[in-house]
Amino acid sequence: MPRTRPGRVRTKHDNGRPPLLLSALKPQNISLRDGETRTIVCPNCETWRRLMGETQLKIRKHCAKDCTGCTTKVAADRKKHTDCPGTDQPVTLDISVEVWGERMLAADSTATGRRSARQHYKPLAQSPTPVHRLADRGPQGTPALPRLLPLLESARFAVDQHRAACPLCRTGGRCETGRALEVRSAETEASCTIAREQLKHLERLRDGRAATPQRRPQWAAVLPAVRDADARRADVPAAPGRPEALVVTCLAVAQPEEGQLNCERCGSTQSSLTSAAAAGWCRITRRSHCGRCAARFPAWTRTPI
């Protein structure tokens with residue numbers, strides 16, 4: 001392990017300035033920690049320099065150009081460097097190292113308290129408008145379809161002109177320019193299609209709003225038929241123990257009678273559609289089956305009579 005050479009004061013002379021007091025220095029501008037080399041920020045060049053000595057402290061000799069490790073000897077550029085005015089500046093420890101350490105901790109805690117704990121995030125870049133929403137970007141509410149139709153015609157004309165002039169596209173191939181023109185034409189056509197759908201949707205909304213006041217007379221016209229259907233459902237007897245059969249029977253009331261029904265599997269018969277529905281008959285592949293035969297098939301294959 002290399003041995004650190006102790007810093008010794010080679011001369012009794014100084015720069016003639018009054019000594020720097022440790023109590024007057026900022027605690028973060030000097031380092032007096034145990035086990036570390038004592039350093040200080042030079043008051044002239046504002047760079048970290050070594051403190052030489054044990055009892056009589058002085059700033060180490062250094063040049064004014066902040067050349068690390070250079071001396072007053074002739075350098076490689078054959079020019080003599082000038083010493084910094086802060087060279088041999090005496091420093092006096094008028095307070096103990098423990099007091100300096102407490103000031104250092106207080107300065108660190110104050111700096112930490114000044115930092116904001118809130119994180120500030122940069123706004124995300126706005127993504128470009130997708131192709132399926134290009135039809136919405138009409139200036140000042142202008143319908144997009146009249147604006148897109150001329151663009152579609154010019155895009156198709158450009159594709160036809162290129163195919164007529166390009167030998168590769170004329171023979172069935174695709175060059176880079178032809179592919180780009182076809183992609184642009186397809187995007188414009190998709191925008192036109194979406195614009196047409198939006199116009200149809202707006203027209204349906206307008207028609208629906210206009211037809212809303214007419215709903216009341218329409219419901220008044222179908223109200224007698226609804227009451228008649230309710231009366232017919234009330235006349236159908238409910239099958240005991242089979243609540244789902246009542247639903248099937250009510251569905252069958254509105255259907256016309258088909259005459260006698262035959263089971264495709266066992267050959268049993270029913271006189272009418274209403275009685276078959278009450279007995280639990282079902283249709284499997286559009287063929288009538290009695291309740292006992294229909295139970296042999298999966299539930300998803302059975303549909304009411």
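These legends describe close-up views of a predicted model.

**View 1. A salt bridge joins Glu 189 to Arg 156.**
The closest N and O atoms of Glu 189 and Arg 156 are 3.7 Å apart. Glu 189 belongs to helix α4, which covers residues 176–211, and Arg 156 belongs to helix α2, which covers residues 144–165. The two residues are 33 residues apart, and the pair links distant parts of the chain. Glu 189 counts as partly exposed because its relative accessibility is 37%. Arg 156 also counts as partly exposed, at 35% relative accessibility. In total, the structure holds 5 salt bridges.

**View 2. Arg 163, Arg 174 and Glu 182 form a network of salt bridges.**
Glu 182 takes part in a salt bridge with Arg 163, with an N to O distance of 2.8 Å. This pair links distant parts of the chain, since Arg 163 lies in helix α2 and Glu 182 in helix α4, 19 residues apart. Glu 182 also forms a salt bridge with Arg 174, where the closest N and O atoms are 2.7 Å apart. What is the relative accessible area of Glu 182? The value is 23%, so Glu 182 is partly exposed. Arg 163 is partly exposed at 35%, and Arg 174 is partly exposed at 36%.

Helix α2 has 22 residues. From its first C-alpha to its last, α2 reaches 32 Å, close to the 32 Å expected at 1.5 Å a residue. Which residues of α2 are buried? They are Ala 144, Leu 145, Leu 148, Leu 152, Ala 155, Val 159 and His 162. An α-helix has 3.6 residues a turn, so residues three or four places apart point the same way.

**View 3. The largest nonpolar core has 11 residues.**
The members of this core are Leu 22, Ile 30, Leu 32, Ile 40, Leu 51, Leu 57, Ile 59, Val 91, Ile 95, Trp 100 and Met 104. At least two residues of the core come from β5 (57–59), and at least two come from α1 (97–114). Another core lies apart from this one and has 8 residues, including Leu 261, Ala 276, Trp 281 and Cys 290. In soluble globular proteins, nonpolar side chains tend to be buried together.

**View 4. Leu 51 and its contacts.**
Neighbours within four places in sequence are left aside here. Leu 51 is then in contact with Ile 30, Ile 40, Leu 57, Ile 59 and Val 91, and also with Arg 38, Thr 39 and Lys 58. Leu 51 is one of the residues of the largest nonpolar core.

**View 5. Leu 20 and its surroundings.**
Leu 20 is part of strand β1, residues 20–21. With neighbours within four places in sequence left aside, Leu 20 is in contact with Leu 25, Ile 40, Pro 43, Gln 89, Pro 90, Val 91 and Thr 92.

Conventions. Residues numbered from 1 in each chain as written. Predicted model: local features only at pLDDT ≥ 70, side-chain atom pairs only at ≥ 80, totals over all residues. Heavy atoms only, no water. Salt bridge = Lys/Arg side-chain N within 4 Å of Asp/Glu carboxyl O. Helix = DSSP H or I, 4+ residues; strand = E, 2+ residues; numbered from the N terminus. Buried < 20%, exposed > 50% of the residue type's maximum accessible area, 1.4 Å probe, protein only. Expected span 1.5 Å × (residues − 1). Core = buried A, V, L, I, M, F, W, Y, C linked by side-chain atoms within 4.5 Å. Contact = heavy atoms within 4.5 Å.
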